[in-house]
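Visitor: I'd like to talk through this structure with you. Could we begin with its surface and go on from there?

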Amino acid sequence: MYSSLFDAVFADSFFSPMRTVYAVSDSQPEEIKRNQREEELENIEASRKKLEESYQARVKVLDESEQELQEEIKALAPAKKDMVTA
């Protein structure tokens, strides 16, 4: 497969002579970490807002259903009394 032992050794990416090394300052990892935390905080705030909106929408639906049922009960109550006395 390889033409020589030398080619076989340097064909592996671990031994490749074309490796790239990046140097970063001490402040860069801290800045990256801070940016990640700010992004996480924004996601939490957005999730909280969405959850509160969903909660309020559900409460509204339940309140409307409750009102409708109470009105139906009130409308049916006199009919029951009339049937019992008849």
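Visitor: Which residues form the negative surface patch?
Guide: In this predicted model, the negative surface patch is made up of Asp63, Glu64, Glu66, Glu68, Glu71 and Glu72.

Visitor: And where does Glu68 sit?
Guide: Glu68 belongs to helix α2, which runs over residues 27–85.

Visitor: Switching topic, how many salt bridges turn up in the whole structure?
Guide: A search of the whole structure gives two salt bridges. In one of them Glu38 pairs with Arg34, with the closest N and O atoms 3.0 Å apart, and in another the side chains of Arg37 and Glu40 meet at 3.0 Å, N to O.

Visitor: How many residues apart are Glu38 and Arg34?
Guide: Glu38 and Arg34 are four residues apart, about one turn of the helix, and both lie in helix α2. Arg37 and Glu40 also both lie in helix α2, where they are three residues apart, again about one turn.

Visitor: Why does Glu38 count as partly exposed?
Guide: Glu38 counts as partly exposed because its relative accessible area is 38%, a value between the 20% limit for buried and the 50% limit for exposed.

Visitor: What does UniProt place at residues 34–72?
Guide: The UniProt record, an unreviewed entry, places a "coiled-coil region" at residues 34–72. In the model, that span is 100% helix and 0% strand, and its end C-alpha atoms lie 57 Å apart.

Terms used:
Residues numbered from 1 in each chain as written. Predicted model: local features only at pLDDT ≥ 70, side-chain atom pairs only at ≥ 80, totals over all residues. Heavy atoms only, no water. UniProt positions renumbered as here; feature names shortened; annotations may be inferred. Helix = DSSP H or I, 4+ residues; strand = E, 2+ residues; numbered from the N terminus. Patch = residues over 30% accessible without salt bridge, like charges linked within 9 Å, V, L, I, M, F, W, Y side chains within 5 Å. Areas by Shrake-Rupley, 256 points an atom, 1.4 Å probe, with all protein chains shown as cover. Salt bridge = Lys/Arg side-chain N within 4 Å of Asp/Glu carboxyl O. Lys, Arg positive; Asp, Glu negative; His and termini not counted. Charge placed at Lys NZ, Arg CZ, Asp CG, Glu CD. Buried < 20%, exposed > 50% of the residue type's maximum accessible area, 1.4 Å probe, protein only.
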